[in-house]
Amino acid sequence: MNPAKRRTVIAGNWKMNFTPAEAVAFINEIKPMVAGKDNCDIIFCAPYVTIAAALEAAKGSNIVIGAENVHFAPKGAYTGEVSAEMLKAIGVDTVIIGHSERRQYFGETDETVNLRTKAALAAGMRVILCMGEVKEQREAGITNEVCAMQIKLDLAGIPAEDMKNIVIAYEPVWAIGTGLTATPEQAEETCGVIRDVLVELYGKEVAEATTIQYGGSMNDANAADLLAKPNIDGGLIGGASLVAKKFTAIVDAAQ
């Protein structure tokens, strides 16, 4: 982390977990555990049906509730989708876009990630933009090239002034839900490559101000080592975000 230059962000991605009642119970449990820990932004991105209840439970706390995805159209014949305007209407201003599971299971591409990101930014939302390589690409030694290409495609046409509302989440796909984690050195190297690409796209000032999270199975056991690296500015947390004690330990590591 480099808190002198950019904000640390610890975000939980609940994925397809927690009913509204379960979310309220979780928020009520963790609120006193993270109260006053303001050296980082604390975010939980919830399933659509759980968002309203989570927002209500989080009122008055330092916890932000976000969404796990958003569509690129403002309205229309897109069964099962939710627009940025709909999310804003209920009080959501943070959204995950391009998560590896969306890419792997639901046909998300760099093109649709780019369109969703532009729509969210146009609505005044903050975007957690996910990207990362698969196992075969890592083993082939092309991680840097793959990540550079992804970030350029995902940010195509997005002006420098919008980067203040974008957090980059580097999540090696081979480390999502597998129990595997990039070593702190591997994660730092790739986050450094991502920052170098941002320098190429937007200049050093914007690149140095952009938060880059690590999102590959960060947990209470490895968070401190990962967050000690200068280019890792937080985490996008999966499984550990469902357990208050584990998530709080990550927040503590960011303090």
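This is a predicted model: local features need pLDDT of at least 70, side-chain atom pairs count only at pLDDT 80 or more; totals for chains, interfaces and linings use all residues.
## Cysteines

A residue counts as buried when its relative accessible area is under 20%. C40 has a relative accessibility of 4%, so it counts as buried. C130 has a relative accessibility of 0%, and therefore C130 is buried too.

A disulfide, in general, is a covalent bond joining the sulfur atoms of two cysteines. C40 takes part in no disulfide, and the nearest cysteine sulfur to it, belonging to C45, lies 14 Å away. C130 is likewise in no disulfide; here the nearest cysteine sulfur is again that of C45, at 8.9 Å. To count as a disulfide, the two sulfur atoms would have to be within 2.5 Å.

## Helix α1 beside α2

Now to the helices. Two packed helices are described by the angle between their axes and by the distance between those axes. Helix α1 covers residues 20–34 and helix α2 covers residues 48–58. Their axes are 8 Å apart, and the packing angle is about 30 degrees. Angles under 35 degrees count as roughly parallel, so α1 and α2 are roughly parallel to each other. The crossing of α1 past α2 is right-handed.

Which residues meet where α1 touches α2? From α1 come P20, A23, V24, I27, N28 and K31, while α2 supplies V49, T50, A53, A57 and A58. Sorted by class, the residues of this contact are eight nonpolar, two polar and one charged.

## Helix α1 beside α11

Helix α1 also packs with helix α11, which runs over residues 244–253. Here the axes come within 10 Å and cross at roughly 30 degrees. As with α2, α1 passes α11 in a right-handed crossing.

On the α1 side, the residues in contact are F26, E29, I30, M33 and V34. Their partners in α11 are A244, K245, F247, T248 and V251. This contact of α1 with α11 holds seven nonpolar residues, one polar and two charged.

## Helices α5 and α7

D110, V113 and N114 of α5 meet Q150, L153 and D154 of α7. By class, the residues in the contact of α5 with α7 are two nonpolar, two polar and two charged.

Where does K75 sit? K75 is in the loop between β3 (63–67) and α3 (84–89). Its relative accessible area is 69%, so K75 is exposed.

E22 belongs to helix α1. With 42% relative accessibility, E22 counts as partly exposed. How far apart in space are E22 and G76, C-alpha to C-alpha? The separation is 32 Å, and the two residues are 54 residues apart in sequence.

Methods
Residues are numbered from 1 along each chain as its sequence is written. Side-chain values use heavy atoms; hydrogens and water are left out. Buried means under 20% relative accessible area, exposed over 50%, partly exposed in between (1.4 Å probe, protein chains only). Axes are lines fitted to C-alpha atoms, for helices over the stretch in contact, and angles run from 0 to 180 degrees between N-to-C directions. Helices (H or I, at least four residues) and strands (E, at least two) are DSSP runs, numbered from the N terminus. Angles under 35 degrees count as roughly parallel, over 145 as roughly antiparallel, 65 to 115 as roughly perpendicular and the rest as oblique. A crossing is left-handed if the near helix is turned anticlockwise from the far one by less than a right angle, and right-handed if clockwise. Contact means heavy atoms within 4.5 Å. Ala, Val, Leu, Ile, Met, Phe, Trp, Tyr, Cys and Pro count as nonpolar, Asp, Glu, Lys and Arg as charged, and the others, Gly among them, as polar.
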